[in-house]
Amino acid sequence: MKKLLVLISLCMFFVAAGSAMAKDWKKVRIGVEGAYPPFSYVEPSGELAGFDIDIAKALGKAMGTEITLVAQDWDGIIPALLAKKYDAIIASMSITEERKKKVAFTNKYYNTPAKFVCKKGAIDSFSREAIKGKSVGVQRATIHDKYLTDNYGKDVKVKRYGTQDEAYLDIVAGRIDMLLADSIALSDGFLKKDEGKDYQFIGPDLSDPKWFGNGAGIAIRKEDKDLAALFNKAIDTIRADGTYKAIQDKYFDFNVYGD
Amino acid sequence: MDFSIIAENFDIYIDGLKNTLFLVSISLAAGLIMAIPLAVLRTSAGKVVQAPIRAFVYFFRGTPLLVQMFLVYYGFGQFDVFKESIFWPFFKEAYFCALFTFSLNTCAYTTEIIRGAIETTPHGEIEAARAAGMSTFLMLRRIVLPSAFRRALPAYSNEIIFMLHGSALASVITIIDITGAARIVSSRYYSPYEAFLTAAAFYMVITFTIVFLIKRLEVHWYKHLQPPGST
């Protein structure tokens, strides 16, 4: 095992040394997932589409680089990056400490907050007092479960579900008063659907990094610092020139970048 | 392995234990009370009365407890007519849904257990009762049922334990029973092993307690079957 580790690290060293030699990044291959709507999905025509895909194309344009999209299953998406199947991952990957051990991240390119949902008109204005005693549904073992338990565990009744769908069923059945989940999941999975028409977001956007991480970033190999810098500059560019907002408005009716 | 998280969260398990014992004991009591008349009717009444009992038993023994619970908890809530009825305040509560499902489920099994025991009553006992001039009701109360309960006890003790273990499903509909407590601790600390091992220990202690109590009851009920002088 030890020998194998030495061998692997040696290989990685040589690979790293090799790639460190001047690369001009005229062509960048980008790994995407293609199975996470509305961020990344495959059109009936076979074309990749979605928020991530459009962002990838816009970033390529801003960098003056020719980009190639490579679809890759989620569980192999980091190993394939390390194996140089592509040079960057744009796949709604949250910037977490575990992943930082394997790959480097650019700055975030979006960060969707968590939000509460309640029945329209049930709560006038959000406050700890206003939600005292309410039952709130969350998906078990998610960042939302942890946030709610840590911050409101004594004020509200926390109802934990195996899936988000079960929580939707129970709020419609009137068994729980509120939901807490990712705002996009709530918006696309519930509020925009027929069952969710009597419900609304309430309260502030929740995005405390202690519970919710730092948003989604672009993953690159640790040695490609120059590529990270290029991407960061490109993110700033499309944020500034309105390209980002145009893409955002195509998919969402609220600010997905965060503060 | 870090069992300090269990010690820190022991009160969650104690709450879970209370909920489990509450659910199981009320369900078993309700199920047994309903099962006795049903079993008597199943063995004595005409076909018209028997048919719905048969159908009820067939349904609850023929489907998994989890499916029954989803039907009651999520299924009933789908109909607006039901949600506006006087029953909804009860079915709105997860506890009531669990009690309702568990009671009917254990009732179906218990009905079958008692029916089997009644049907195997020795002819001699019935003939003796009739010869002594007992009415049907008196015979049922003094002879048939006590005799049947003795024969049903081993099978019924299994049913009690199955009900205890089946009650773990209550955690699926947001009730924090012993299993629910384990799921909370497991997900909060990412340590399923410690969390569920503790739950298993709780269930084992309850099971052994039940087995012990049944054993005591057996000694008491089967006294007449012991060889003279052995107890």
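Modeller: Start with one residue pair: Arg29(A) has Thr68(A) as its bridge partner in β5(A). This is a predicted model, where local features need pLDDT of at least 70, side-chain atom pairs count only at pLDDT 80 or more, and totals for chains, interfaces and linings use all residues. Residues are numbered from 1 along each chain as its sequence is written, chains are lettered from A and ligands numbered from 1 in the order written, and side-chain values use heavy atoms, without hydrogens and water.

Colleague: In which sense do β1(A) and β5(A) pair, and over how many bridges?

Modeller: They pair in the parallel sense, over six bridges. Two strands pair if DSSP finds at least two bridges between them. Strands are DSSP runs of E, at least two residues; helices are runs of H or I, at least four; both are numbered from the N terminus.

Colleague: What is the strand order in the open sheet of chain A?

Modeller: The order is β5-β1-β6-β13-β7, five strands with mixed pairing. The edge strands are β5 (66-71) and β7 (104-110) of chain A, each pairing on one side only. Neighbouring strands are turned by 30 degrees against each other on average, direction ignored.

Colleague: Which helix packs on that sheet?

Modeller: Helix α9 (residues 225-240) of chain A does, touching β1, β6, β7 and β13 (216-220) of chain A. Its direction makes about 10 degrees with that of β7(A). Axes are lines fitted to C-alpha atoms, for helices over the stretch in contact, and angles run from 0 to 180 degrees between N-to-C directions.

Colleague: New topic. What is the phi of Ser92(A)?

Modeller: Near 55 degrees, a positive value in a residue other than glycine. Ser92(A) lies in strand β6 (residues 88-94) of chain A. Ser92(A) is buried, at 11% relative accessible area. Buried means under 20%, with a 1.4 Å probe and protein chains only.

Colleague: And where is Trp25(A) found?

Modeller: In the loop between α1 (2-20) and β1 (27-32) of chain A. Trp25(A) has a positive phi of about 55 degrees, although not a glycine. Trp25(A) counts as buried because its relative accessibility is 6%.

Colleague: How many residues has the largest nonpolar core?

Modeller: It has 72. Residues with the most contacts inside it include Leu179(A) and Ile118(B). Such a core is a set of buried Ala, Val, Leu, Ile, Met, Phe, Trp, Tyr and Cys residues joined through side-chain atoms within 4.5 Å. Helix α9 (residues 136-166) of chain B gives the most, with eleven residues.

Conventions
Buried means under 20% relative accessible area, exposed over 50%, partly exposed in between (1.4 Å probe, protein chains only). Contact means heavy atoms within 4.5 Å.
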